[in-house]
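Student: I would like to go through this fold term by term. Please set each value against its definition.

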Amino acid sequence: MKPVLIIRTGRAPDNIRGRHGDFPHWFRLGARLLPQQLRIVDVAAGEALPTPQQVAGAMITGSAAMVTERAAWSERTAGWIRNAMDAELPLFGVCYGHQLMAHALGGRVDYLPGGREIGTQPIDLLEGAASDPLTRDLAATFRAHTTHEQSVLEPPPGATVLARSLRDPHQLLRHGPQAVSSQFHPEFNADVMRAYIKRKHVDMQREGTDPRQVFGDVAATPLARRLLRQFARLHGWSHAAWG
């Protein structure tokens, strides 16, 4: 069987990684995949991606980098995304991965008006979500964890907006029959979200946000965390055949 690709576009900060693990681990748990089902490629470190035909699908992680920096590794990955879309490969991008997919496909990414969005946010489904196979069983409003400064300001042509938050109108996008992306983090648990708030508390205070209140508002996000598992199920990434 072909492996599921995790495109690593960054790493969790050292203090978070040491206690909670790193992005590939969180994605694997979220999608309920076995370690032997995965191929992890660190594009930010210059590792080469396989062709889309060599993998069953791909999940694209978050990053501390900014899509607007147009780093060479990021632009190469954007080209790979376009090729993967042409091949109708299942893709799920998160945070940086969400922004990079939108950028690759003709959308516009820049800093979110009003500054950083961080913490557990209510996410509202939009009309198109009721018939989408990924979201049709979700509640109309659910909680999800966020931490980002940049966002998708204009979705790519042809994309469907499935969900929004109060601050970000493009929290979940459908790019095609096989491809979706989320600005929020379905792979985070509450402990990871709290760790990011602790790490960012000085920046938050400087920006006029009360980190204690945001920390206190962190809550479990079971419906958001279901999305990676549902995506894996829809695209046949069952580990039953792997033993």
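Student: Which residue is the bridge partner of Val94 in strand 11?

Tutor: Ser182 is the partner of Val94. The model is predicted: local features need pLDDT of at least 70, side-chain atom pairs 80 or more, while totals for chains, interfaces and linings use all residues. Numbering starts from 1 along each chain, and side-chain values use heavy atoms, without hydrogens and water.

Student: What makes strand 4 and strand 11 a pair?

Tutor: Pairing requires at least two DSSP bridges between two strands. Strand 4 (residues 91-94) and strand 11 (residues 179-182) are joined by 4 bridges and run parallel, so they pair. Strands are DSSP E runs of at least two residues; helices are H or I runs of at least four, and both are numbered from the N terminus.

Student: What is the strand order of the open sheet?

Tutor: Its 9 strands follow 2-1-3-4-11-10-9-6-7, with mixed pairing. Strand 2 (38-42) and strand 7 (141-148) each pair on one side only, so they are the edge strands.

Student: How do you know that helix 4 lies across strand 4?

Tutor: Contact means heavy atoms within 4.5 Å. Helix 4 (residues 96-104) lies across several strands, including strand 4, to which it runs at about 120°. Axes are lines fitted to C-alpha atoms, for helices over the stretch in contact; angles run from 0 to 180 degrees between N-to-C directions.
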